[in-house]
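Subject: A structure for you to look at

Hi there,

Here is the structure I promised to pass on to you. Please open it next to this email, and then read on for what I found in it.

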Amino acid sequence: MGEPQEIIPIEKSDLVGVVAQLSAEGYRLVQIGCSTLESAYELNYSFDKEYRFKNLRITVTPGEEVPSISAVYPNAFLYENEIHDLFGVVVRNINIDYGGTLYRTAIKTPFSTENVKLPEPPKQKAEAPSQPTDKPKHQGEIPGVQRD
Amino acid sequence: MAHKNVIPFGPQHPVLPEPIHFDLVTEDERIVDAIPSISYVHRGLERLIEKRDFIDFVHVADRICGLCSFMHAMGYSQAVEEIMGIEVPERALYLRTIWAELSRIHSHIFWLGVAADAFGFESLFMQSLRLREVVLDIFEATTGARVILGVCKVGGVRRDIDAATLKGIVDRLASLKKDLEELSPVFIDDYSIRHRLVGVGYISQQDAYTLGCVGPMARASGLAMDMRTLGYAAYKYLDVEPMVETTGDCYARCLVRIREMFHSMDLIRQAVGKIPEGPVDLKVKGAPNGEYFSRVEQPRGEVIHYAKGNGSRFLQRFRVRVPTFSNIPAMIKVLKGSEVADVPNIILTLDPCISCTER
């Protein structure tokens with residue numbers, strides 16, 4: 001099986017402090033990814049140190065601002081600009097802010113909650129009580145179709 | 001103080017095989033700032049996950065990039081398999097490793113050719129691409145395709161390779177190794193090439209780490225970081241050794257790729273010697289419910305395939321963080337302070353893949 005992975009949900013207000021702590025411990029920033037939820041965004045901050053993979057997770061609502069971590073990890077600016085341009089999440093104080101011009105997309109914020117329709121989870125099959133039938137069912141019989 | 005000029009570089013440029021643009025702010029011949037622009041051909045492939053069944057989506061993952069085609073399919077499949085707890089048959093893991101290492105060899109030979117072309121070495125470019133054909137022929141013989149292999153699937157691989165063909169691959173690679181041993185000294189020892197690469201585009205080990213460098217770019221700066229040591233696919237059974245150089249310049253990045261080609265041939269030889277008999281795939285039942293970050297070492301470095309599902313046939317989210325995207329901040333750092341004439345070499349030795357970046 002694959003490597004063990006840790007996902008730690010944290011509060012938005014704790015983000016920069018926890019990230020600074022990871023930086024001090026020698027973790028590198030692997031990526032920042034964003035996922036669209038029903039009416040929110042989930043941001044995953046991935047870090048690695050000697051192949052130990054750790055993720056911090058914050059959840060924000062549309063229109064809510066997120067602090068930049070580019071003061072701690074200078075390479076975060078690309079991910080943060082990407083999240084802004086594709087999802088419409090506003091990231092405050094990015095060290096290099098493209099102001100919405102990193103991605104030239106045909107529609108604005110194509111990955112935002114307004115544009116993404118999430119798949120429905122599978123419906124749970126309700127267990128129907130077994131009822132005795134008068135007539136045995138024939139193999140290959142199609143419900144609703146009468147045969148001669 | 002010299003007057004500042006902005007020189008546009010790309011998206012079309014003789015040494016750039018793919019579209020990326022830089023605004024190079026210069027003072028005289030020295031670059032003081034570099035502002036990259038991407039997204040000329042952004043395809044939004046990640047959102048296709050909403051319209052494709054998770055089993056079929058592997059064909060989309062296959063098409064993220066031509067050079068790393070197989071590894072994208074493998075990374076995506078691994079992510080789904082981890083979520084679903086699928087134990088892929090051992091033989092399939094070995095076959096994946098063999099095709100992945102062949103992909104690395106042909107990507108690095110292609111890089112050597114493109115680099116030679118940028119140096120003005122036309123004949124070296126042709127020699128390199130002639131040798132690359134050997135790998136493409138092996139792809140064609142084993143998968144039926146030369147670029148987009150389409151052979152990886154969730155739960156295993158679509159094709160098996162018989163013992164005689166596996167032996168044939170090792171023999172052909174032995175012959176290719178001899179040819180590459182003749183070719184590589186030109187890249188290593190030629191005066192003109194050394195003059196263009198040695199001491200150019202230096203990035204320190206500390207900068208490589210803090211700026212998120214991956215792949216040959218990180219290893220050329222002394223970081224022994226290679227995702228294959230995680231032991232995915234059949235790498236856990238093979239002797240994987242990260243190829244590390246310490247000088248951190250363009251020349252070191254060239255040396256790392258040359259050494260990796262030979263190492264990949266050795267890994268294939270090991271894999272062929274150890275591959276077990278057995279099935280190459282298994283039937284996948286159900287749908288993924290959970291999430292996983294799959295990490296794979298592509299020719300350009302660590303790639304992340306993130307998949308998240310809620311139990312339906314369509315995933316909620318698929319994300320790819322490609323190595324080139326991770327290397328761009330370091331690219332900017334290296335360009336600052338360099339000479340305008342060195343820009344093509346610096347960008348080339350980072351081996352940017354914009355097709356991956358514009359997934």
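In this predicted model, strand β1 of chain A runs parallel to β4 of chain A (residues 52–60), and 5 bridges join the two. To find the pairing on your screen, look for A:Gln5, which stands opposite A:Phe53 in β4(A).

That pair belongs to an open sheet of 4 strands in chain A, with the order β1-β4-β3-β2 and mixed pairing. Which strands stand at the edges? They are β1 (5–9) and β2 (28–36) of chain A; each has a single partner strand, so one side of each is left without a neighbour in the sheet. On average, neighbouring strands of this sheet are turned by 20 degrees against each other, if you ignore direction.

A helix belongs in this picture too. Helix α2 of chain A (residues 76–87) lies across β2 and β3 (41–49) of chain A, and runs at about 5 degrees to β2(A).

Now for chain A as a whole. The chain has 2 helices and 6 strands, and along the sequence they follow the pattern β-α-β-β-β-β-α-β. Of the 148 residues in chain A, 30% are buried. Take the contacts in chain A between residues at least 6 apart in sequence: 50% of them join residues at least 24 apart.

Two residues of chain A deserve a look for their backbone angles. Most residues other than glycine have a negative phi. A:Glu50, however, has a positive phi, near 50 degrees. You will find A:Glu50 in the loop between β3 and β4 of chain A. Is A:Glu50 buried or exposed? A:Glu50 is exposed, because it has 7 other C-beta atoms within 10 Å, and a residue counts as exposed with 12 or fewer. A:Thr109 also has a positive phi, near 40 degrees, and sits in the segment after β6 (91–92) of chain A. With 19 other C-beta atoms within 10 Å, A:Thr109 is partly exposed.

On to chain B, which has 12 helices and 8 strands. Its C-alpha trace spans about 70 × 45 × 30 Å along the principal axes. A compact globule of 359 residues would have a radius of gyration near 21 Å, and the 20 Å of chain B agrees with that. Buried residues make up 55% of the 359 residues in chain B. Among the contacts in chain B between residues at least 6 apart in sequence, 70% join residues at least 24 apart.

- Helix α2(B): its 16 residues should span 22 Å at 1.5 Å a residue, and the end C-alpha atoms are 23 Å apart, which agrees. The helix is mostly covered, with 15 of its 16 residues buried. B:Gly85 follows α2(B) and has a positive phi, near 65 degrees.
- Just after α4(B), B:Gly144 takes a positive phi of about 90 degrees.
- Helix α3(B) (residues 90–119): this is where B:Tyr94 lies. B:Tyr94 is buried, as 25 other C-beta atoms lie within 10 Å. Which residues is B:Tyr94 in contact with, leaving aside its neighbours within four places in sequence? They are B:Ala234, B:Ala271 and B:Ile275. B:Tyr94 and B:Asp281 are 187 residues apart along the chain, and their C-alpha atoms are separated by 12 Å.

Last comes the place where the two chains touch. The contact takes 28 residues from chain A and 31 residues from chain B. On the chain B side, α2 (69–84), α7 (205–210), β6 (289–298), β7 (301–310), β8 (317–321) and α10 (323–335) each supply at least two residues. The largest share, 4 residues, comes from β7(B). By class, this side of chain B has 13 nonpolar, 11 polar and 7 charged residues.

Enjoy exploring, and write back with any questions!

Best wishes

Key
Residues numbered from 1 in each chain as written. Chains lettered and ligands numbered in written order. Predicted model: local features only at pLDDT ≥ 70, side-chain atom pairs only at ≥ 80, totals over all residues. Pairing = 2+ DSSP bridges. Axes fitted to C-alpha atoms, helices over the stretch in contact; angles between N-to-C directions. Contact = placed C-beta atoms within 7 Å. Nonpolar A, V, L, I, M, F, W, Y, C, P; charged D, E, K, R; others polar. Buried ≥ 20, exposed ≤ 12 C-beta atoms within 10 Å, placed from the backbone. Expected span 1.5 Å × (residues − 1). Rg over C-alpha atoms; globule rule 2.2 N^0.38 Å.
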